[in-house]
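Have the structure open as you read.

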Amino acid sequence: MAVIGHWVASFLLCYLVPQASVTLLCKMAMMSDFTCGFLLLAKVEGVAVFPWYLSTPPAAANATIQYWKESGQWLPGVDETASQGFLGFAALFPMYLDIPYSHSVIGMAIVGLLVAIITWLRYGIGFAYAMAIFLSAISHPILDMFFHDAYVLAGNRAVSRVTVNFWQIYYMEPVAFLLECFLAYGGYRLWWSTRDDS
């Protein structure tokens, strides 16, 4: 799932907990991608790209594949090499993802819990608000499981990887785009219905 579809959980939680900040919860829903950026720069997580315009994978992609095979992170029958017809995620340029911390439920549960505690200490928020922060953070990897690799536990991608591979279905880009727009708009309208008209 890309950006706006993730906000559906935030809008729903703001509908259920009206005192919650929709801005904070939308940011918490995107915390997984924000964290991913830092972990990619720190080389804790990895991505190996294989753009459609190249006839063979770049050396870095081949090195990543070799490392995964040697460390037991390669998933036979799921991960395919270029010679086997790997095409990556159809809605994106082809890539191999190794994001088992930022896109794990347990990783975002830790981040959500920390932000909830800090917000409680700083602003004295209630339990429902704190739970909304926590649930908004873990909603990202849970929703991602329908679209691309996401994880329940942090660590080895071969152990707790879960995906329905919606992005692997060819010609799915228009459907995925419409689905995200529908989810975001539906959640927004639900949240907006709690706002005072005055």
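Two elements, β1 (46–49) and α4 (59–71), each give at least two residues to the lining of the largest pocket. Helices (H or I, at least four residues) and strands (E, at least two) are DSSP runs, numbered from the N terminus. The pocket's volume is about 300 Å³. Its lining has 15 residues, and Lys-43, Val-44, Glu-45, Gly-46 and Asp-98 lie nearest the centre. By class, the lining holds 8 nonpolar, 4 polar and 3 charged residues.

This is a predicted model, in which local features need pLDDT of at least 70 and side-chain atom pairs count only at pLDDT 80 or more, while totals for chains, interfaces and linings use all residues. Residues are numbered from 1 along each chain as its sequence is written, and side-chain values use heavy atoms, with hydrogens and water left out.

How confident is the predictor? The protein chain has a mean pLDDT (confidence in each residue, from 0 to 100) of 83, and 85% of its residues reach 70 or more.

| Element | Residues | Mean pLDDT |
|---|---|---|
| strand β2, lowest | 95–98 | 75 |
| helix α5, highest | 105–123 | 96 |

Where pLDDT is low, the coordinates should not be read in detail.

Now to the cysteines. With a disulfide taken as a pair of cysteine sulfur atoms within 2.5 Å, the count is 0. The sulfur of Cys-14 is too far for a bond because the closest cysteine sulfur, in Cys-26, lies 6.8 Å away.

Note on methods: pLDDT = per-residue confidence, 0-100. 1 Å grid on protein atoms, 1.4 Å probe; cavity = no way out; pocket = protein on both sides within 12 Å on 5 of 7 lines; lining within 4 Å. Points joined across faces, edges and corners; volume = space filled by probe spheres on them. Nonpolar A, V, L, I, M, F, W, Y, C, P; charged D, E, K, R; others polar.
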